[in-house]
Amino acid sequence: MNVINCRKCGKLFNYIAGNKICPMCKEISEQKFQEVKKYIQQHGHCSMTEVCEECDVEPQQIQIWIRQERLQFSDDSPIKVACESCGKMIGSGKLCPQCRENMSRNLNNMLTKNVEELKNQSHRKSDSKNRMRFLTD
């Protein structure tokens, strides 16, 4: 059993996995998320400051929800976070579409190279098995 202190309230609880906050704080956090989500739906083009003041939530928490893609904003919304790669302001996630595409392309290229290398290695191994061998005195 792994007993730790909650990062928010400091109470001891049985930690299994995920965020290191107790079930009570998780419930409070989820209620705040629903409140923020409802407020944003009702007040489409509100600012981060306005949402924080009206819902009593820290800007860092809203940014976490945006990065987790739990909150998504349109391109014309004033609420944005910076792409973790290039710094371009985005309405949801960790990477802008261009950086996501670049990362995907790079991963595909690496995968293709690795597959080709494995094929070449298997050809080399099979070639050495099929060679004629001579016994010498």
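A charge sits over a ring if NZ of Lys or CZ of Arg is within 6 Å of the ring centre and within 35 degrees of the ring normal. Arg 70 lies over the face of Phe 33, at 3.8 Å from the ring centre. Lys 20 places its charged end over the ring of Tyr 15, 5.7 Å from the centre.

This is a predicted model, in which local features need pLDDT of at least 70, side-chain atom pairs count only at pLDDT 80 or more, and totals for chains, interfaces and linings use all residues. Residues are numbered from 1 along each chain as its sequence is written, and side-chain values use heavy atoms, with hydrogens and water left out.

Now the ring pairs. Rings of Phe, Tyr and Trp (its six-membered ring) pair if their centres lie within 6.5 Å; planes under 30 degrees apart count as stacked, over 60 as edge-to-face and the rest as tilted. The count comes to 2 aromatic pairs.

| Pair | Centre to centre | Angle between planes | Class |
|---|---|---|---|
| Phe 13 and Tyr 15 | 6.4 Å | 85 degrees | edge-to-face |
| Phe 33 and Trp 65 | 5.2 Å | 75 degrees | edge-to-face |

Phe 33 and Trp 65 link distant parts of the chain, 32 residues apart. Phe 33 is in helix H1 (residues 23-42), Trp 65 in helix H3 (residues 59-67). Helices (H or I, at least four residues) are DSSP runs, numbered from the N terminus.

Burial comes next. Buried means under 20% relative accessible area, exposed over 50%, partly exposed in between (1.4 Å probe, protein chains only). Phe 13 is buried at 11%. Tyr 15 is buried at 16%. Phe 33 has 4% and is buried. Trp 65 has 2% and is buried.

Notes:
Helices (H or I, at least four residues) and strands (E, at least two) are DSSP runs, numbered from the N terminus.
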